[in-house]
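This briefing is for a reader who is meeting the structure for the first time. It takes up surface patches and then salt bridges.

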Amino acid sequence: MNSAVETLRREFGGDIIEPGDAEYAATSGSILAPGSPAYVVRPGSVADVQAAVRFAADTGLELSVRGGGHAFAGFGTNDDGVVIDLGKLAAVEVIDKDRHLVRIGGGATWGQVTAALAPHSLAISSGDTRSVGVGGLTLSGGLGWKVRKYGLALDNVVAAEVVTADGDVVRATAEENPELFWALRGGGGNFGIVTAFEFAAHLTTDVFHGKIAFPAAEAAEVLQGWADYLRTAPEELTSIVNFANPFLGGPNAPVDVVVAFDSDDADRAAEALDPIRRLGTVIADDVVLKPYADVLEDGAVPPPGIQLVTRSAFADKESVPDVLRILAEVGASEHPPVISVRSVGGAVSRVPDDATAYAHRQAELMFVTTTIGPAPVIEAGRPALEAIWARLAPHATGAYANFLASATEDDVAAVYPAETYERLAAVKREYDPGNLFTRNHNVRP
């Protein structure tokens, strides 16, 4: 161990933070999980990442890789292991103006990306939170405010620079290491550390964004009408329905239909949004034209001791009515979880099912429940939560890795259907045969 540490100190040009150091308390945990790693290392270069990976492999210490640090399952930290924090590798550069190609460091956040691209009138379909990391979100999906028009974040990746488990640097594209490229787009952090992505961005205008709110009593009708409309709505329209928020009244909380219309044409926006306004009794409507960068929200940091337990699944067209009926009933019950339902379809569903490791192309909706509170409250509410998901199970398929607070074998099987998993395992055997990268929804080699 001592010799490995000495080698790291000699080869590593970034920061090495250990227990007792001034910065340790601020860097040991991730945003949603506490941790007490033996080392937090912050690389300043790709060579530093290579040195850190070799150090973790040589010592046998558990390895976590941190981008934005938002993983609900706490993948960005550990106890007594090594955390590689990529925050310094956050450069955003337009490398081909004609083709709108953008190179983004593996430690960048989506807020940094949207701010850097705004002066170029460019955007990338991404998540909905500024502080979320580009790497974590992209490698497992990327459902954001342009998803129905431009697909998942991972659908817009054209190349990746990857440090593998043996410390080598490889490039993955459709032509170069194509199986690795396939696996990276949906297979999470199983295959190495992506130190840089190349994305195909698109020209963007300002967009219409905001929420149209309805009374809680109208949840069932609004949800069904919303889902029916999204099947034929313009693909410029992406939408999320949030309800049963305990901080806004729980079962009496308004039903917030949040919308993003990807155009600055007011007439087209009104034509696309008015059918939603006609779904029920509108009690609030704050949809306005704003820069795309302003659509993303600031990520909330829970107070110490507060946990978020998030669980997700998909619904195909046939299952939508049953799923929405159950969710509406749950939302009206006493002490419901926070419920969110996201529209998918559009550009996502036009990508062949086997083109990437993201395996849920034909889903119409992705739905999420989140329970929030201190550990005793979470534990006390677990039986009720399990009962909710038992009702949903016959109508639900899969799971979205980015909205899972656990990483059990059942979770992994939900994220990766058997055929996808087998192909991922073959890639894992080639690039990480010793399973160094385990802090993820793990695919065993």
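**Surface patches and salt bridges**

Asp206, Asp264, Asp265, Asp267, Glu271 and Asp294 come together on the surface as a patch of negative charge. The model is predicted, so local features need pLDDT of at least 70 and side-chain atom pairs count only at pLDDT 80 or more, while totals for chains, interfaces and linings use all residues. Residues are numbered from 1 along each chain as its sequence is written, and side-chain values use heavy atoms, with hydrogens and water left out.

**Patches on the surface**

- A patch is made of residues with over 30% relative accessible area and no salt bridge, where like charges are joined within 9 Å and nonpolar side chains (Val, Leu, Ile, Met, Phe, Trp, Tyr) within 5 Å.
- Asp206, one of the residues in the negative patch, lies in the loop between strand S11 (202-203) and strand S12 (207-214), helices (H or I, at least four residues) and strands (E, at least two) being DSSP runs numbered from the N terminus.
- Asp206 counts as partly exposed because its relative accessibility is 34%, given that buried means under 20% relative accessible area, exposed over 50% and partly exposed in between (1.4 Å probe, protein chains only).
- A nonpolar patch on the surface is formed by Phe247, Leu248 and Ile372, which together have about 320 Å² of accessible area, as computed by the Shrake-Rupley method with a 1.4 Å probe.

**Salt bridges**

- A search of the whole structure finds 30 salt bridges, each being a side-chain nitrogen of Lys or Arg within 4 Å of a carboxyl oxygen of Asp or Glu.
- Asp298 and Arg130 form a salt bridge in which the closest N and O atoms are 3.0 Å apart; this pair links distant parts of the chain, 168 residues apart, with Asp298 in the loop between strand S16 (288-290) and strand S17 (306-315) and Arg130 in the loop between strand S7 (122-123) and helix H5 (134-140).
- Asp298 counts as exposed at 61% relative accessibility, whereas Arg130 is partly exposed at 25%.
- Arg325 and Glu329 meet in a salt bridge of 3.8 Å, N to O, and both lie in helix H10 (residues 320-331), 4 residues apart, about one turn of the helix.
- Asp432 forms a salt bridge with Lys428, their closest N and O atoms being 2.9 Å apart; Asp432 counts as buried at 1% relative accessibility, and Lys428 is buried with a relative accessible area of 0%.

Definitions and conventions:
Lys, Arg positive; Asp, Glu negative; His and termini not counted. Charge placed at Lys NZ, Arg CZ, Asp CG, Glu CD.
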